[in-house]
Amino acid sequence: MTMLNTTRRWSDGILDRYSEAYSMVHGYVSLVICAIGIPLNLLNIVVLTRKNMQTPINCMLTWLAVFDMATMVSYVPFAVHFYCEYPANSISPQKNSWAWMNFLLVYLNVSATAHTISIWLAVAMAIFRHSYIHSPAQGTITRIRRLIRARIVVGVVVLASILVMIPNYLSHKLIEYQRGSGEVMYVFERSNIGSGNEEPIILAQLLLYSILAKLVPCLLIIIFGTLLLVTLNTSRIQNTGTAANGTPLRPSSRGRQKSRTTTMLLMVFVLFLITELPQGILILGCIVKQHFFEKVYIPLGDTMDIIALVNSGINFVLYCSMSQEFRNTFISLFCRMKGGPNGRGSYVSSHVRNDQLQVTLTHVPTLLD
């Protein structure tokens with residue numbers, strides 16, 4: 001994610017002392033989070049790909065879980081080798097071998113690309129949700145068209161993110177380093193970030209990554225998230241009115257579900273902002289201020305990593321706590337409640353009140369439209 005060096009020069013600064021102390025436990029903390037987050041993301045994928053859950057938003061949430069899980073899976077060997085087996089601030093032929101340093105090179109590119117894809121998927125979800133709420137069109141054909149558009153958007157986001165990250169792939173170079181004792185190891189070539197003497201490819205990489213992979217998507221999330229919040233508040237105000245006879249209006253089941261789905265997505269967006277916006281600002285600081293990279297960005301690297309890992313693993317909790325259909329589908333798949341050979345009787349009965357309605361709703365996707 002953010003670690004670009006395998007050795008650090010500690011100073012007497014507060015950030016450096018904090019970073020040195022936290023690095024001793026970072027590997028173990030991150031492994032615990034990955035051990036929890038990887039199976040939870042797998043559960044997200046299993047639940048969200050069920051036939052009754054196939055909607056545009058769920059399609060994007062599924063791929064979000066895929067890339068979150070990929071990030072966490074790749075982080076496990078990284079944390080084990082560079083934090084648990086060897087101290088974070090050490091350098092040795094075993095730790096910095098050719099094989100492990102090339103793994104680190106691949107990991108850095110994979111994690112940066114996965115994060116870029118994830119945040120742009122969040123932007124796409126905000127736009128899709130805003131469009132859906134303000135679109136009067138309904139029906140099976142409309143739903144199918146939206147689902148096809150969502151899949152196309154996912155493909156475009158993945159391809160565009162890879163293209164944007166090309167300077168990042170080209171900017172990290174391994175060089176051979178030899179100690180006086182003759183021991184050979186490999187380290188990253190010094191990038192001179194913030195010195196004014198950066199190579200053009202390094203500067204292009206920082207600008208593209210900070211602006212297109214961090215700040216611009218965060219700005220779009222803020223804009224569309226604010227629009228969704230305004231719409232949600234307006235809907236709640238309208239639903240708290242009274243009928244002509246003075247009886248309080250009760251929002252429809254569909255209206256309540258739409259509000260819960262929007263609220264859940266807003267929570268997802270807030271987590272992205274907490275994770276990605278500070279990092280984008282810090283990367284810009286590396287460009288404009290000399291020594292900012294060594295004195296601020298590197299000491300905060302492990303903290304930004306752990307925040308990103310938490311963000312990658314917490315979505316299952318949000319879905320279960322805020323989406324009734326997600327909970328019901330999860331229960332029908334894994335808890336096998338009584339009611340039929342597939343254990344779906346209780347799930348169906350919670351939504352269907354009579355046989356005629358059951359026939360009507362059997363083939364209609366339910367959630368997170």
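Here is a walk through this structure, from the overall fold down to a few single residues.

Keep in mind that you're looking at a predicted model. The protein has 369 residues, and 46% of them are buried. Its secondary structure comes to 13 helices and two strands. As for how the chain folds back on itself, take the contacts between residues at least 6 apart in sequence: 77% of these join residues at least 24 apart.

The record has something to say about the helices too. An unreviewed UniProt entry lists residues 25-48, 60-83, 103-128, 148-170, 206-230, 264-284 and 296-318 under "transmembrane region". Residues 60-83 are 100% helix and 0% strand, with the end C-alpha atoms 33 Å apart. Residues 264-284 are likewise 100% helix and 0% strand, and here the end C-alpha atoms lie 31 Å apart.

Now for the inside. The largest nonpolar core holds 42 residues, and the ones touching the most other members are Leu61, Met125, Ile221, Phe269, Tyr319 and Phe326. Helices α1 (14-48), α2 (56-85), α3 (98-133), α4 (140-164), α6, α7 (253-288) and α10 each give two or more residues to this core. The biggest contributor is α3, with ten residues. There's also a second, separate core of 19 residues, which includes Ile33, Tyr107, Leu108 and Tyr186.

Beyond its neighbours within four places in sequence, tyrosine 319 contacts Asn44, Leu48, Leu61, Leu64, Met264, Val268 and Phe326. Tyr319 is also one of the buried residues of α10, along with Asn315, Phe316, Leu318, Cys320 and Met322. Helix α10 spans residues 315-322, and with six of its eight residues buried it is mostly covered.

Next, follow α1 and see how it packs against two other helices. Its axis lies 9 Å from that of α9 (residues 301-313), at an angle of about 15°. Angles under 35 degrees count as roughly parallel, so α1 and α9 fall in that class. The crossing of α1 past α9 is left-handed. On the α1 side, the contact includes Tyr18, Tyr22, His26, Ile33 and Asn41. Across from them, α9 brings in residues including Asp302, Asp305, Ile306, Leu309 and Val310.

The pairing of α1 with α11 (residues 324-334) has another geometry: the axes come within 10 Å and cross at roughly 95°. That angle is why α1 and α11 are described as roughly perpendicular. Here Leu43, Asn44, Val46, Val47 and Leu48 of α1 meet Phe326, Thr329, Phe330, Leu333 and Phe334 of α11.

Staying with α11, have a look at glutamine 324, which sits in this helix. Is it buried, partly exposed or exposed? Glutamine 324 has a relative accessibility of 28%, so it counts as partly exposed.

Last stop: threonine 231, in helix α6 (residues 200-239). Its relative accessible area is 19%, and since buried means under 20%, threonine 231 counts as buried. Setting aside residues up to four places away in sequence, threonine 231 touches Ile133 and His134.

Definitions and conventions. Residues are numbered from 1 along each chain as its sequence is written. This is a predicted model: local features need pLDDT of at least 70, side-chain atom pairs count only at pLDDT 80 or more; totals for chains, interfaces and linings use all residues. Side-chain values use heavy atoms; hydrogens and water are left out. Buried means under 20% relative accessible area, exposed over 50%, partly exposed in between (1.4 Å probe, protein chains only). Helices (H or I, at least four residues) and strands (E, at least two) are DSSP runs, numbered from the N terminus. Contact means heavy atoms within 4.5 Å. A nonpolar core is a set of buried Ala, Val, Leu, Ile, Met, Phe, Trp, Tyr and Cys residues joined through side-chain atoms within 4.5 Å. UniProt positions are given in the numbering used here, feature names are shortened, and annotations may be inferred rather than shown by experiment. Axes are lines fitted to C-alpha atoms, for helices over the stretch in contact, and angles run from 0 to 180 degrees between N-to-C directions. Angles under 35 degrees count as roughly parallel, over 145 as roughly antiparallel, 65 to 115 as roughly perpendicular and the rest as oblique. A crossing is left-handed if the near helix is turned anticlockwise from the far one by less than a right angle, and right-handed if clockwise.
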